[in-house]
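Please open the structure in your viewer and keep the selection tool at hand. The stops below each give a selection and what is found there.

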Amino acid sequence: MLTIKNLQAGIEGKRILNGINLDIKAGEVHAIMGPNGSGKSTLASVLAGRQDYEVTGGSVEFLGKDLLELSPEERACEGLFLAFQYPVEIPGLSTTNFIKTAVNEIRKYHGEKPLDAVGFLRLMKEKMALMNIDQSLLSRPLNEGFSGGEKKRNEIFQMAMLQPRLAILDETDSGLDIDAIRIVANGVNKIHSKENAVLVVTHYQRLLDYIVPDFVHVLYNGRIVKSGTKELALELEEKGYDFIKNEIDVTEQVG
Amino acid sequence: MCYLFIIQNRGIIKKGSVYTFLYKQVRIFVAMKTETTQLHKTNGMKDGLSPIENAVLNDYKYGFVTDIESDSAPKGLSEDIVRFISAKKNEPEWMLEWRLKAYRHWLKMEEPQWANIKYPAIDYQDIIYYSAPKQKINPESLDQIDPELRRTFEKLGISLDEQKRLTGVAVDAVVDSVSIGTSFKKQLSELGIIFCSMSEAIQEHPELIKKHLSSVVPITDNYFAALNAAVFSDGSFCYIPRGVRCPMELSTYFRINAENTGQFERTLIVAEEGSYVSYLEGCTAPMRDENQLHAAVVELIAFDNAEIKYSTVQNWYPGDKQGNGGIYNFVTKRGICQGINSKISWTQVETGSAITWKYPSVILKGDNSIGEFYSVAVTNNHQQADTGTKMQHIGKNTKSRIVSKGISAGVSNNSYRGLVHVNKKAVNARNFSQCDSLLLGDKCGAHTFPYIEVRNNTAVVEHEATTSKIGEDQIFYCNQRGIDTETAVALIVNGFAKEVMNQLPMEFAVEAQKLLAISLEGSVG
Ligand SMILES: Nc1ncnc2c1ncn2[C@@H]1O[C@H](COP(=O)(O)OP(=O)(O)O)[C@@H](O)[C@H]1O
Ligand SMILES: [Mg+2]
């Protein structure tokens, strides 16, 4: 579904990603872990098409298309979804209107008719029940005055509404207490199927207790330095990132 | 003296409920009727211009000229022209005297220079002051209207008879200078409501006109008001008798048609004790590469317990992307809350004109009276707007509320200028002002000039102001959900303007939202 080859990217002349290789197939859950500043959010942003970042090398194929050639909205319409680490606020714009616009823009891209009010409400109700989210939140302006947990839940709700093929969750667990993490993880698990894939970006292992990954990758200094199964996450938790850092820094010095 | 002065800076402000799906779509204003499907992504770099400069590539969509034989005065202004206009309109002697008095006063006045706008000197002798579309018959019903003119209406999307059937909005259309068709008159007259052209009112209701005309905006009030009084060609008159709630929105459609004609319309609304009326004015003008002068006067009078709600959607031709042409819009709008518990509310959505100079005001004379001003002003390309309001508190317990949302794009300049004046005798006056500016790009300007004069120490005056920019992160967030940049800007801007848009009559809200989006097409990439 997603094939990243030797991806290099940076911002304002600064190299951040130094050759990422990653292959994600439909139905899989991958986790990317790594210390702060290792480039996790940068990777997510580059995949979503944020223009501030400059891709200087490598390739990304998504569902048979050259992802890097597509505009951010085309990527979204092709089925790539990013749950933001810091969702933005849009004062005055009701969350429901925003989501309705998004749903219908994506339908338009695929040559489908927009959902009418009845159809949209039906879809909303179904996903609200699934995600355990309150109607009152959705009638408020987008993310304005939302608590950290509400913002993250809103991201996952949008994901449920838009039904992406690949969802990238950027530190969706950060700032959440354990109950909120469980709700968010449950939501993700409910939507996950054989047809779609999830890429979980996280600093801590605890989210992975609830969203169980098939593969875990460790990102350090803009490179995937170690890949394994969910046991790798537990090892990281136990030994901390320092053990990876030491391992890598030593190797690099030797090299 | 006591006033509370709060300057608050909030975060980035964005746009709102664009396509509220519960809204009924009524096509009244062609001005706003454009294919939203064209909103798709033609953004990105055009001709090496930045996306923001592409704002300039946004063309005016209502520029068409109707070919109707017109019946014009020669160019220029003199006593003879004033007499010509008055004679053309078959006016009584007192009206001619009133005009001449205004003209003579105007001669002694100077054009105001204090506004934050720049434009080449206007040659008042190079303007045609009267141009009436020729009517073969005096239309008694809409069916008798010149077919060419009716096609104009169709292009404008205000097909009067269609509206009659579908919307229940009474429209009194003014093309150039003469009121063409007045619908719904019969239904209104059964309630004693008078809704007609100003010319007709002068003939049919001279006592009402003599009593109220220029009682709020004196003919000597300001340069443009004096000019208007001398040469005004038509406008609307609306009279709501005691205790009557006008059952429908009243609407006038203004449109400047002939070349080199200034449009000087004059509107007067009188709401007697305990009455209510909601009035909507919409405007477009054809594209011309010369500037056209528009100097209107609107007067509102609300007696005891009466309420007037006046909404404007202004979409005059703003000029091309290099700043050539466009309407110079110098308008004097003022209402007086004459009676106790009366209320006047101005709502304006200003997206057009090369220059806007406009300060709808309320004189709060009656005790407990309320004045409101809700404004969205959009400037793009080379447009300049200096607009705001004046709230004059005279009666006891008077309240005013000002909500101004300025949106600037391109290389435009957008100024809010407001005065809150509390008189010595205005015990317990309350004012709240909120002035927010939203910038699209970094070549445009937003300016706020709030003036506060408080002469009574029981007054509470609050002012809040914010300036924000549409953030790239907001656009990216929308993009990531499959929403292209044009649509994202429209969403963000409408969210920003929501509080004002909510004041518009339901039928017009959706169209006005579209108009905002259209005015800003291509402003951010
Ligand atoms: N917009 C930016 N401008 C400059 N440096 C940036 C920017 N975004 C990220 N960086 C830098 O790139 C590195 C990786 O950041 P990020 O991808 O946010 O890491 P992570 O998400 O793993 O914590 C950091 O050193 C960070 O300071
Ligand atoms: Mg991060």
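Predicted model: local features only at pLDDT ≥ 70, side-chain atom pairs only at ≥ 80, totals over all residues.

Select P247(B): this proline sits in the loop between strand 6 (236-240) and strand 7 (250-255) of chain B. Helices and strands here are DSSP runs, numbered from the N terminus (helices are H or I with at least four residues, strands are E with at least two). P247(B) is exposed, at 55% relative accessible area. Buried stands for under 20% relative accessible area, exposed for over 50%, and partly exposed for what lies in between, computed with a 1.4 Å probe on protein chains only.

Residues are numbered from 1 along each chain as its sequence is written, chains are lettered from A and ligands numbered from 1 in the order in which they are written, and side-chain values use heavy atoms, with hydrogens and water left out.

**Two asparagines in chain B loops**

Go to N305(B), in the loop between strand 11 (297-302) and strand 12 (307-315) of chain B. Its phi is near 55 degrees, a positive value in a residue other than glycine. N305(B) is partly exposed, with a relative accessible area of 42%.

Next select N381(B), in the loop between strand 17 and strand 18 (384-393) of chain B. Phi is positive there too, about 50 degrees, although N381(B) is not a glycine. Is N381(B) buried or exposed? At 7% relative accessibility, N381(B) counts as buried.

**Strands of chain B**

Select Q434(B) in strand 21 (residues 430-439) of chain B. Q434(B) is buried, at 6% relative accessible area. V403(B) is 31 residues away from Q434(B) in sequence, but their C-alpha atoms are 4.8 Å apart.

Now pick K343(B) and E372(B), which form a salt bridge with 3.7 Å between the closest N and O atoms. A salt bridge is a side-chain nitrogen of Lys or Arg within 4 Å of a carboxyl oxygen of Asp or Glu. K343(B) belongs to strand 14 (residues 343-350) and E372(B) to strand 17 (residues 370-379) of chain B, so the pair ties together parts that are 29 residues apart in sequence. K343(B) is partly exposed at 22% relative accessibility, whereas E372(B) is buried at 11%. Elsewhere, E79(B), R83(B) and R104(B) are joined into one network by salt bridges that share partners.

**Salt bridges in chain A**

Over all chains, the structure holds 24 salt bridges. One of them links E105(A) and K108(A), with the closest N and O atoms 3.5 Å apart. These residues are 3 apart in helix 3 (residues 95-109) of chain A, which means that about one helical turn separates them. An α-helix has 3.6 residues a turn, so residues three or four places apart point the same way. E105(A) is buried at 14% relative accessible area, and K108(A) is partly exposed at 47%.

Then select E112(A) and R107(A), whose side chains meet in a salt bridge of 3.9 Å, N to O. E112(A) is partly exposed at 41%, as is R107(A) at 24%.

**Helix 8 of chain A**

Show residues 230-239 of chain A, which make up helix 8, and colour the buried L232(A), A233(A) and L236(A). They lie on the same side of helix 8 because they cover an arc of only 105 degrees around the axis (the arc is that of the directions from the helix axis to the C-beta atoms). Just after this helix, G240(A) takes a positive phi of about 80 degrees.

**Ligand 1**

Finish at ligand 1 and its shell, the residues with a heavy atom within 4 Å of the ligand. Among them are I11(A), I16(A), P35(A), N36(A) and Y53(A). The shell divides into 4 nonpolar, 6 polar and 2 charged residues. Its largest share, 3 residues, comes from helix 1 of chain A.

- K14(A): 3.4 Å from a polar side-chain atom.
- K40(A): 2.9 Å from a backbone N or O atom.
- T42(A): 2.5 Å from a side-chain N or O atom.

Taken alone, ligand 1 exposes 560 Å², of which the protein buries 64% (Shrake-Rupley areas, 1.4 Å probe).

Technical notes:
Polar contact = N/O pair within 3.5 Å; in protein donor to acceptor, adjacent residues only side chain to side chain. Nonpolar A, V, L, I, M, F, W, Y, C, P; charged D, E, K, R; others polar.
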